[in-house]
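This report is a short tour for a reader new to the structure shown below. Please look over the sequence and the model before reading on.

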Amino acid sequence: NPKRRTLERIFNDYQTVRKSMNAIDFDDMIALPVELFENFDDVLSSYTDAWRYLIVDEYQDVNLIQEVIYNCISSSGENLFMVGDIKQSIYGFRQSKAKLFNERKNRYAPFDSENPTYPATIYLSKNFRSCQQVCETVNFIFSRIMADYKPEEYLNFGAADYKRDPKRDTEISLIYRDNFSETCSVTALEARYTAGRIFEMMKSGFTVQGKDGERPLQFGDIAVLMRAKSGSDSD
């Protein structure tokens, strides 16, 4: 394969130049420790003896080589404490493997406070950041599109200060191209609909709960989340 041979030649030349400069890149920072741990037991033991516990945050975004490192420098994984949320797994383009999170979570029994045994899985299911409608909507959608989203992983409303207000119920809009006369892209139609909906809310006197009580909606209160910005249409 000519393309493969070309890439291999470029990579080998890059490695030669990098080594001549005594430099490493980001991938080396991940791979070289594994080589050290594999070939030098004293180096590995210096790390396994250094820490009583290892805590890994955002565990849903760990890749395979990071998983190897965590397992190497821990006591066979027994002193690891991992925190994560599979719904927030967004680094697949960096080879993160959300299945590692699921496999470990399912490997352990749920934590029982009356009869604590370890390792165990602890579900942090109380949500204190969102109103009840948001929690309900997330559970409704995710339980239908994610095979592993089970009741024990639902967002349970915990913000008692957020009083339920029917006018702030979640709204889901389905946009049909046939309803528009324009021949622009789907992205542009979504943008135009969203902008129109925002202006409707601004003109209708919609209110939000601020630090000092209820006040009129402002543009700064609104965030628009997109699937991806790169490669999107300019119109």
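Which residues does D28 touch, not counting residues up to four places away in sequence?

Apart from residues up to four places away in sequence, D28 touches R18 and P33. The model is a predicted one, and the contacts given in this report are computed from it. D28 is found in helix α2. The residue is buried, because its relative accessible area of 10% is under the 20% cut-off.

## The largest nonpolar core

The largest nonpolar core has 18 residues, and those touching the most other members are F37, V56, Y59, V62, I69 and I73. At least two residues of this core come from each of α2 (26-39), β1 (54-56), α4 (64-73) and α5 (98-107). The most is given by α2, which supplies three residues. In soluble globular proteins, nonpolar side chains tend to be buried together.

With its neighbours within four places in sequence left aside, F37 is in contact with V43, L44, Y47, I69, C72 and I73. F37 has a relative accessible area of 8% and is therefore buried, as this value is under 20%.

## Aromatic pairs

Across the whole structure, a search finds seven aromatic pairs. One of them joins F37 and Y47 in an edge-to-face arrangement, at 5.6 Å centre to centre and with 70° between the planes. This pair links distant parts of the chain, since F37 is in helix α2 and Y47 is in helix α3 (residues 41-48), 10 residues apart. While F37 is buried, Y47 counts as partly exposed, at 36% relative accessibility. Ring pairs also bring in W51, so that F37, Y47 and W51 are linked into a cluster.

Another pair is formed by Y59 and F101, and this one is tilted, with 6.2 Å centre to centre and 45° between the planes. Y59 lies in the loop between β1 and α4, whereas F101 is in helix α5, so the pair ties together parts that are 42 residues apart in sequence. Both Y59 and F101 are buried.

## How α2 meets α3

The helices that carry F37 and Y47 also pack against each other: α2 and α3 make an angle of about 110°, and their axes are 5 Å apart. This angle falls between 65 and 115 degrees, which means that α2 is roughly perpendicular to α3.

On the α2 side, the contact is made by L36, F37 and N39, and on the α3 side by D41, V43, L44 and Y47. By type, the residues of this contact divide into five nonpolar, one polar and one charged.

C135 has its place in helix α6 (residues 132-145). With 2% relative accessibility, under the 20% cut-off, C135 counts as buried. Leaving out neighbours within four places in sequence, the contacts of C135 are N127, S130, L155 and F157.

How many residues apart in sequence are C135 and E190, and what is the C-alpha to C-alpha distance? They are 55 residues apart in sequence, and their C-alpha atoms are 24 Å apart in space.

## Backbone details

Where does the loop that holds P119 lie? P119 is in the loop between β3 (109-110) and β4 (120-121). The peptide bond leading from Y118 to P119 is cis, and its omega is near 0°.

Two residues with a positive phi complete the report. N22 is not a glycine, yet its phi is positive, at about 55°. Its place is in the loop between α1 (2-20) and α2. N22 is exposed, because its relative accessible area of 72% is over 50%.

E58, also not a glycine, has a positive phi of about 55°. E58 is partly exposed, with a relative accessible area of 39%, whereas Y59 is buried.

Conventions: Residues are numbered from 1 along each chain as its sequence is written. This is a predicted model: local features need pLDDT of at least 70, side-chain atom pairs count only at pLDDT 80 or more; totals for chains, interfaces and linings use all residues. Side-chain values use heavy atoms; hydrogens and water are left out. A nonpolar core is a set of buried Ala, Val, Leu, Ile, Met, Phe, Trp, Tyr and Cys residues joined through side-chain atoms within 4.5 Å. Buried means under 20% relative accessible area, exposed over 50%, partly exposed in between (1.4 Å probe, protein chains only). Helices (H or I, at least four residues) and strands (E, at least two) are DSSP runs, numbered from the N terminus. Contact means heavy atoms within 4.5 Å. Rings of Phe, Tyr and Trp (its six-membered ring) pair if their centres lie within 6.5 Å; planes under 30 degrees apart count as stacked, over 60 as edge-to-face and the rest as tilted. Axes are lines fitted to C-alpha atoms, for helices over the stretch in contact, and angles run from 0 to 180 degrees between N-to-C directions. Angles under 35 degrees count as roughly parallel, over 145 as roughly antiparallel, 65 to 115 as roughly perpendicular and the rest as oblique. Ala, Val, Leu, Ile, Met, Phe, Trp, Tyr, Cys and Pro count as nonpolar, Asp, Glu, Lys and Arg as charged, and the others, Gly among them, as polar.
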